[in-house]
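This report describes one protein chain from its computed geometry. It begins with the whole chain and then turns to single elements and residues.

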Amino acid sequence: MAYDAHRNLVWVSHLATLSLFSYGAVVADVSIAAFGGRIPLLGAADGAIWLGTRGNGVFRIGKRPLLHLSRDNGLLSNICTALLLHPNGDLLIGSNSGLTRVSMDGSHPTRFEYLSRHNGLPDDRVLYVTSVDDVLYVATAAGIVEWSDR
């Protein structure tokens with residue numbers, strides 16, 4: 001689920017549909033069957049919505065220009081399992097191949113950093129990502145790990 005406070009909109013991902021709600025009423029339904037079913041959603045403070053897919057990377061919609069991140073331009077995998085905006089503005093993308101941290105300069109990715117079995121994850125299959133006090137917690141199929149910038 002993602003919330004756009006500026007326009008009072010809520011995006012909800014179901015098994016086969018992405019629904020847009022405004023003031024409690026559905027204003028749009030979009031089929032997401034092509035994305036492989038339920039997808040990770042993330043609302044950004046600037047009104048953008050980040051959509052993770054199950055085979056076509058990650059898209060930023062709602063802001064111009066449309067941005068598409070994939071293996072072709074730096075992700076570990078095109079299968080997105082988790083999304084998080086870090087308090088410092090970085091986008092964290094969980095996948096079946098580990099975690100990609102994307103530093104952004106406005107609309108453009110400037111740096112990609114990776115976390116996988118090779119450098120600290122217990123398993124490459126990332127299930128969930130959250131941040132508390134600048135400490136990143138990554139839940140994988142084999143356990144949880146802490147990743148700190150300090």
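The model is predicted: local features need pLDDT of at least 70, side-chain atom pairs count only at pLDDT 80 or more, and totals for chains, interfaces and linings use all residues. Residues are numbered from 1 along each chain as its sequence is written, and side-chain values use heavy atoms, with hydrogens and water left out.

**Overall composition**

The protein has 15 strands and 0 helices; these are DSSP runs, numbered from the N terminus, with at least two residues (E) for a strand and at least four (H or I) for a helix. Of its 150 residues, 44% are buried, where buried means under 20% relative accessible area, exposed over 50%, and partly exposed in between (1.4 Å probe, protein chains only). The accessible surface comes to about 7,900 Å², and carbon and sulfur atoms account for 52% of it; areas come from the Shrake-Rupley method with a 1.4 Å probe, and for residues only the protein chains shown count as cover. Among contacts (heavy atoms within 4.5 Å) with a separation of 6 or more, 33% join residues 24 or more positions apart.

**Strand pairing**

Two strands pair if DSSP finds at least two bridges between them. An open sheet of 3 strands runs in the order S13-S14-S15 with antiparallel pairing. Strands S13 (126–132) and S15 (143–148) are at the edges with a single partner strand each, so one side of each has no neighbour in the sheet. Strand S14 (residues 135–140) pairs with S15 over 6 bridges in the antiparallel sense, and Leu136 is opposite Trp147 in S15.

Strand S6 is joined to S7 (residues 58–61) by 4 bridges, and the two run antiparallel. They form a hairpin with 5 residues between them, and Gly55 in the turn has a positive phi of about 155°. Leu51 has Phe59 in S7 as its bridge partner. In a regular strand the side chains alternate between the two faces of the sheet. In S6, Ile49 and Leu51 point one way, Trp50 and Gly52 point the other way, and all are buried.

**Nonpolar cores**

A nonpolar core is a set of buried Ala, Val, Leu, Ile, Met, Phe, Trp, Tyr and Cys residues joined through side-chain atoms within 4.5 Å. The largest has 13 residues, and those with the most contacts inside it are Trp50, Val58, Leu69, Leu83, Leu91 and Ile93. Strands S8, S9 and S10 each give two or more residues to this core. Another core lies apart from it and has 12 residues, including Leu92, Leu115, Val129 and Leu136.

| Residue | Location | Relative accessible area |
|---|---|---|
| Gly52 | strand S6 (residues 49–52) | 0% |
| Ser70 | loop between S8 (67–69) and S9 (80–85) | 6% |
| Ser95 | strand S10 (residues 91–95) | 3% |

Gly52 and Leu83 are 31 residues apart along the chain, and their C-alpha atoms are separated by 7.3 Å. Leaving aside residues up to four places away in sequence, Ser70 touches Gly57, Leu75 and Asn78. The side chain of Ser70 also reaches the backbone nitrogen of Asp72 at 3.2 Å. With the same exclusion of residues up to four places away, Ser95 has contacts that include Leu76, Ile79, Thr81, Asp124 and Val126.

Key. A polar contact is a pair of N or O atoms within 3.5 Å; within protein, one must be able to donate a hydrogen and the other to accept it, and residues adjacent in sequence count only if both atoms are side-chain atoms.
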